[in-house]
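I opened the model in the viewer and went through it feature by feature. My entries follow.

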Amino acid sequence: MHMANLRQLAVPAADRLIVPLDVPTLDAAMGWVERLPDVTFWKVGLELFVGAGPRVLTELRQRQKQIFLDLKLHDIPNTVAGACRAVDAVELMTVHAAGGMQMLQAAVAAFGDRGDRPRLLAVSVLTSLDARALAFELRVPLELPDYALQMALLARDAGIDGAVCSPREVAQLREVCGKDFLLVCPGVRPRGSNIGDQRRVMTPAEAIRAGADYLVIGRPIVAAPDPVAAWQQVCAEVDAAL
Ligand SMILES: O=c1ccn([C@@H]2O[C@H](COP(=O)(O)O)[C@@H](O)[C@H]2O)c(=O)[nH]1
């Protein structure tokens, strides 16, 4: 199934949720996989990949889990292409749109027409940034939603399959980038939960209704007093929004 067609299909909520394994060791990661057996899609980010190495991908694969390798590659084109060539058997992986057209095209080209290639996502604007940081720290002379859109369009023009964006921008990106552009949203917080270091958040139901294909939800589930109940609650909220 082409992932971008999820919204047109009756895909249950659980298959649209990705839970990050933001832990330092393989044991800790596999502990979560056992504790939340209904989670089918796990995200491996920098902390776990640096701490546990590629073995974590093998372990997840052996358990028939889908994998989002979220390394947010951002380097010169040759280096990013080399890293992409080394990636095997993951469903999704990330590069930074801010790496520019040549870097994005190098990432796409690195996979060639490999049938098992991951869907490539470009991070548009990190969900931990707000308009003030974009303007006064990064000195980007565009409004944040416009910049996020430009980053997504750059990625799409480079042949990237989709973008990581805040739910706040997902409706606009969906409208402009089209129905087949995969949109994956972190920065999702059930009502009343702690936003932590996230800055541009919406609830799971709002994010799905706005056009997200997948939601990435970590701490509201894993830091909840009862993570299984928190997971089930998010699934119910998303199911009701579909
Ligand atoms: O813009 C981005 C890109 C990636 N992330 C990642 O998503 C999860 C979010 O975890 P929470 O605990 O739900 O905040 C985390 O692994 C980030 O690395 C993001 O938050 N924003």
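Helices (H or I, at least four residues) and strands (E, at least two) are DSSP runs, numbered from the N terminus.

I noted the provenance: this is a predicted model, in which local features need pLDDT of at least 70 and side-chain atom pairs count only at pLDDT 80 or more, while totals for chains, interfaces and linings use all residues. Residues are numbered from 1 along each chain as its sequence is written.

Entry, barrel. I looked up β6 (residues 162-164) and β7 (residues 182-185) and found them running parallel, joined by 3 bridges. Ala163 sits opposite Leu183 in β7. I then followed the whole set: 8 strands close into a barrel in the order β1-β2-β3-β4-β5-β6-β7-β8, with parallel pairing. From one strand to the next the twist averages 25° (axes are lines fitted to C-alpha atoms, for helices over the stretch in contact, and angles run from 0 to 180 degrees between N-to-C directions).

Entry, β4. I checked burial (buried means 20 or more other C-beta atoms within 10 Å of the residue's own, exposed 12 or fewer, partly exposed in between, with C-beta atoms placed from the backbone). In β4 (residues 92-96), 5 of the 5 residues are buried, so the strand is largely enclosed by the rest of the structure. Leu92, Thr94 and His96 point one way, Met93 and Val95 the other. In a regular strand the side chains alternate between the two faces of the sheet. I also found β4 paired in the parallel sense with β3 (residues 66-73) over 3 bridges, with Leu73 opposite Val95.

Entry, α7. Gly159 follows α7 with a positive phi near 95°.

Entry, Gly115. Is Gly115 buried or exposed? I count it as exposed, because it has 4 C-beta neighbours inside 10 Å. Gly115 lies in the loop between α5 and β5.

How values were computed: Two strands pair if DSSP finds at least two bridges between them.
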